[in-house]
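Grab a pencil and open the viewer.

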Amino acid sequence: MPKVWAAVLLVVSLLPQPAWAITLEQVPNPRRQYGGWVSDTANILSSSTENELNRLITQLEQRTSAEMAVVTVPNTQGYATPKDFTTQLFNYWGIGKAGQNNGVLFLISVGDRRVEIETGRGLVAILPDSRVQQIIDQQILPRFRNGDFDGGTLAGVRQLTSVLQGQPVANVPAVAQGIDSSLVEGILLLLGIIILGLGWQRSRMPVSLRAERGGRQVLSLTRRDPRTGAVLSSVQSDPIRLFLYSGSLCLGVFLGLSSGNWLGFALPVVAAMATDGTLSRKRGIPFQPVVCQACGRPMRLIQPQLDKYLPQEHRLARSRGRARYYGWFCPTCQGIAVVVREGTLSRHLYCPRCQALTLDLTTQVLREATYSSSGLKLEILSCPICGYRSEREVVIPELSDTDTDSDFGGDSGGDSDFGGGSSGGGGAGGSW
């Protein structure tokens with residue numbers, strides 16, 4: 001399941017970005033946020049890439065005192081050009097040391113499909129505009145055109161830091177385009193169809209539920225039942241989701257490449273997400289047919305008046321919105337099977353005594369935390385159904401003044417925790 005949602009998050013991050021305008025004040029300053037150099041507002045860089053970028057730029061600053069910020073934004077609407085936005089953001093933050101003006105701003109505007117690298121006045125000799133353009137054309141844009149934002153950003157920053165540390169730029173040719181695009185498209189289309197076909201075949205395998213008179217037993221869809229040892233979700237639906245999202249991703253890439261429009265890339269994946277979400281909410285067991293364990297006949301989903309079949313503790317959990325309950329009726333056996341899908345944020349609230357989602361958590365502060373000493377609070381877990389109660393004391397960490405934890409001095413006006421440098425508009429840019 002984690003792999004499925006990781007794929008979904010990757011897809012969502014590549015969807016067309018919303019057309020809202022972003023201002024200078026809305027771009028998080030990485031120096032103030034966490035003491036780093038990367039502000040990924042457009043959500044296109046992986047955490048490992050951000051860590052490597054921060055390492056490279058920290059090393060650059062330690063060796064040369066030069067500062068570099070890497071910023072991604074959805075678009076630069078509201079400004080004359082992406083270049084204008086980049087120059088204003090550079091000077092708003094004051095990138096580079098005051099008096100030396102040795103800063104660099106590497107900006108990626110996803111909606112504009114534009115890269116801008118702004119340089120401070122003090123770097124003209126070592127990093128002229130022609131050299132910046134060479135890095136953009138040879139290292140960054142070819143990778144961005146293949147959708148490799150991580151690789152293009154890393155390659156660009158590596159070359160920039162090499163030049164600023166006195167090392168020559170590697171004259172690397174553009175990324176090879178030797179693979180026939182039609183062959184790639186055909187493979188993706190065939191692979192997507194095969195994967196979705198396997199998922200469809202897997203979804204025809206029925207789920208067997210035990211029908212009971214009155215339906216008093218409730219079987220969990222997300223955790224192992226202590227009485228039967230059964231668990232449905234990870235065994236039944238998750239493999240089908242893997243097929244669904246993998247196949248949709250292949251078809252989306254195929255449509256994006258063949259049409260040249262990334263909206264085509266998004267449609268199959270969005271459709272898969274909508275199908276999964278809708279069926280999960282309405283049926284609990286989203287993809288497979290449900291049959292009676294006793295007679296093998298199909299069961300019918302019943303939702304109206306389900307409360308009358310639920311024990312008191314489950315009615316309480318349902319009324320508090322901690323779980324969704326689904327009832328299945330067998331016309332042959334005249335029995336009902338009830339299953340529950342717990343909410344992700346509520347799964348720790350199971351009562352250890354009556355096994356219901358009815359625990360209430362209350363907190364009392366016994367001692368406030370200060371800047372010099374930790375505090376103490378009392379957490380109380382109680383169940384209104386069976387009367388279960390437990391208490392534990394939890395240490396509250398000392399307070400810390402993060403507002404004064406800045407690595408740089410200087411003030412260029414505005415929201416700046418860089419060194420106070422400025423730019424006159426030097427640098428270069430390019431579109432992918």
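**Exercise 1: the open sheet**

Four strands form an open sheet with mixed pairing, in the order β6-β10-β9-β8. Keep in mind that this is a predicted model.

*Task.* Work out which strands stand at the edges of the sheet, then find how many bridges join β9 to β10.

*Solution.* 
- Step 1. Read the order from end to end: β6-β10-β9-β8.
- Step 2. β6 (218–220) and β8 (300–302) each have a single partner strand, so they stand at the edges and one side of each has no neighbour in the sheet.
- Step 3. From one strand to the next, the twist averages 35°.
- Step 4. Now look at β9 (residues 323–330) and β10 (residues 335–342): they run antiparallel and are joined by eight bridges. Among the residues involved, cysteine 330 has glycine 335 of β10 as its bridge partner.

**Exercise 2: the nonpolar core**

*Task.* Find the residues with the most contacts inside the largest nonpolar core, and list what phenylalanine 85 touches beyond its neighbours within four places in sequence.

*Solution.* 
- Step 1. Start with the general idea: in soluble globular proteins, nonpolar side chains tend to be buried together.
- Step 2. The largest core here has 50 residues, and Phe85, Leu89, Trp93, Phe106 and Ile117 have the most contacts inside it.
- Step 3. Two or more residues come from each of α3 (47–64), β2 (67–73), α4 (82–93), β3 (103–109), β4 (114–119), α5 (129–145) and α6 (149–164).
- Step 4. With those sequence neighbours set aside, phenylalanine 85 is in contact with Ile22, Thr23, Leu24, Val27, Val73, Thr76, Tyr79 and Leu107.

**Exercise 3: lysine 97 and its partners**

*Task.* Decide whether lysine 97 is buried or exposed, and track down which glutamates join it in a salt-bridge network.

*Solution.* 
- Step 1. Locate lysine 97 in the loop between α4 and β3.
- Step 2. Its relative accessibility is 16%, so lysine 97 counts as buried, the cut-off being under 20%.
- Step 3. Side chains of opposite charge can pair when their charged atoms come close.
- Step 4. Lysine 97 and glutamate 61 meet in a salt bridge (3.2 Å, N to O). This pair links distant parts of the chain, since glutamate 61 sits in helix α3, 36 residues apart from lysine 97. Glutamate 61 is buried too, at 19% relative accessible area.
- Step 5. Lysine 97 also meets glutamate 67 in a salt bridge (2.8 Å, N to O). Glutamate 67 lies in strand β2, so this pair ties together parts that are 30 residues apart in sequence. Both lysine 97 and glutamate 67 are buried.
- Step 6. Check the backbone as well: the lysine 97 side chain reaches the backbone oxygen of serine 65 at 3.1 Å.

**Exercise 4: a salt bridge between helices**

*Task.* Which residue forms a salt bridge with aspartate 276?

*Solution.* 
- Step 1. The whole structure has 12 salt bridges to search through.
- Step 2. The partner is arginine 241, with the closest N and O atoms 2.9 Å apart.
- Step 3. Aspartate 276 lies in helix α9 (residues 262–283) and arginine 241 in helix α8 (residues 233–259), so the pair ties together parts 35 residues apart in sequence.
- Step 4. Aspartate 276 counts as buried at 3% relative accessibility, and arginine 241 counts as buried at 4%.
- Step 5. To close Exercise 3 as well, shared partners join Glu61, Glu67 and Lys97 into one salt-bridge network.

Technical notes. Residues are numbered from 1 along each chain as its sequence is written. This is a predicted model: local features need pLDDT of at least 70, side-chain atom pairs count only at pLDDT 80 or more; totals for chains, interfaces and linings use all residues. Side-chain values use heavy atoms; hydrogens and water are left out. A nonpolar core is a set of buried Ala, Val, Leu, Ile, Met, Phe, Trp, Tyr and Cys residues joined through side-chain atoms within 4.5 Å. Buried means under 20% relative accessible area, exposed over 50%, partly exposed in between (1.4 Å probe, protein chains only). Contact means heavy atoms within 4.5 Å. A polar contact is a pair of N or O atoms within 3.5 Å; within protein, one must be able to donate a hydrogen and the other to accept it, and residues adjacent in sequence count only if both atoms are side-chain atoms. Two strands pair if DSSP finds at least two bridges between them. Axes are lines fitted to C-alpha atoms, for helices over the stretch in contact, and angles run from 0 to 180 degrees between N-to-C directions. A salt bridge is a side-chain nitrogen of Lys or Arg within 4 Å of a carboxyl oxygen of Asp or Glu.
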